[in-house]
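User: I am new to reading structures. Please walk me through the terms used for this one.

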Amino acid sequence: MGPGETFSFIFFTIFGFAGFNAVLKHRVKMAEIKGPPRGSSVDIATQAAIEELRQEVRQLRDTTMRYDMSFDTALTRMEERVDRIETRAYTTTAASDPLARLRSEQ
């Protein structure tokens, strides 16, 4: 074995291990990013908590929609009442005051 072969062997051994170490660290980090394996007790507990939060959001959305519809119905009734009162007041004023009829026609 000559000096060139020895140098090549040492070079590839050192950088080969460093390269293998870098690839191994990359694969470990990717596994950590993907998360724990499915079926673990932490994963089941987390899924249950998320599903519980989703259910609460659905309930809040339903409650909000119900109150919104109730408020809209009450507002519509109030508008109808005000329209009837205004119509009565206009009719009563026009019947008792002949000049009011002339002013409204102009």
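Analyst: Start with Glu-86, which is found in helix α2 (residues 41-96). This is a predicted model: local features need pLDDT of at least 70, side-chain atom pairs count only at pLDDT 80 or more, and totals for chains, interfaces and linings use all residues. Residues are numbered from 1 along each chain as its sequence is written, and side-chain values use heavy atoms, with hydrogens and water left out.

User: Why is Glu-86 called partly exposed?

Analyst: Its relative accessibility is 48%. Buried means under 20% relative accessible area, exposed means over 50%, and partly exposed is in between (1.4 Å probe, protein chains only). So Glu-86 counts as partly exposed.

User: What makes up the negative surface patch?

Analyst: Asp-68, Asp-72, Glu-79, Glu-80, Asp-83 and Glu-86 form it. Patch residues have over 30% relative accessible area and no salt bridge; like charges are joined within 9 Å, nonpolar side chains (Val, Leu, Ile, Met, Phe, Trp, Tyr) within 5 Å. Asp and Glu count as negative, Lys and Arg as positive; His and the chain ends are not counted.

User: Which residues form the positive patch?

Analyst: Arg-77, Arg-81, Arg-84 and Arg-88 form the positive patch. Arg-81 lies in helix α2. At 45% relative accessibility, Arg-81 counts as partly exposed.

User: Which residues make the nonpolar patch?

Analyst: Phe-7, Phe-9, Ile-10, Phe-11, Phe-12, Ile-14 and Phe-15 make a nonpolar surface patch of about 820 Å². Ile-14 lies in helix α1 (residues 3-34).

User: How many helices and strands are there?

Analyst: There are three helices and zero strands. Both are DSSP runs, numbered from the N terminus: helices (H or I) need at least four residues, strands (E) at least two. From the N terminus on, the elements run α-α-α.

User: What span is expected for α1?

Analyst: The rule is 1.5 Å times one less than the number of residues. α1 has 32 residues, and 46 Å is expected. From first C-alpha to last, α1 reaches 46 Å, close to that value. Gly-35 follows α1, with a positive phi near 105°.

User: What makes Arg-54 and Glu-51 a salt bridge?

Analyst: Their closest N and O atoms are 3.8 Å apart. A salt bridge is a side-chain nitrogen of Lys or Arg within 4 Å of a carboxyl oxygen of Asp or Glu. So the pair meets the cut-off, at 3.8 Å. Both residues lie in helix α2, three residues apart, about one turn of the helix. An α-helix has 3.6 residues a turn, so residues three or four places apart point the same way.

User: Which residue besides Arg-54 is linked to Glu-51 in a network?

Analyst: Arg-58 is linked with Glu-51 and Arg-54 in a network of salt bridges. The closest N and O atoms of Glu-51 and Arg-58 are 3.7 Å apart. The whole structure has two salt bridges. Glu-51 is partly exposed at 38%, Arg-54 at 46% and Arg-58 at 37%.

User: How much of the chain counts as buried?

Analyst: Of the 106 residues, 3% count as buried. The chain's accessible surface comes to about 10,000 Å², with 64% belonging to carbon and sulfur atoms. Such areas come from the Shrake-Rupley method with a 1.4 Å probe; for residues, only the protein chains shown count as cover.

Key
The place of a charge is taken as NZ of Lys, CZ of Arg, CG of Asp or CD of Glu.
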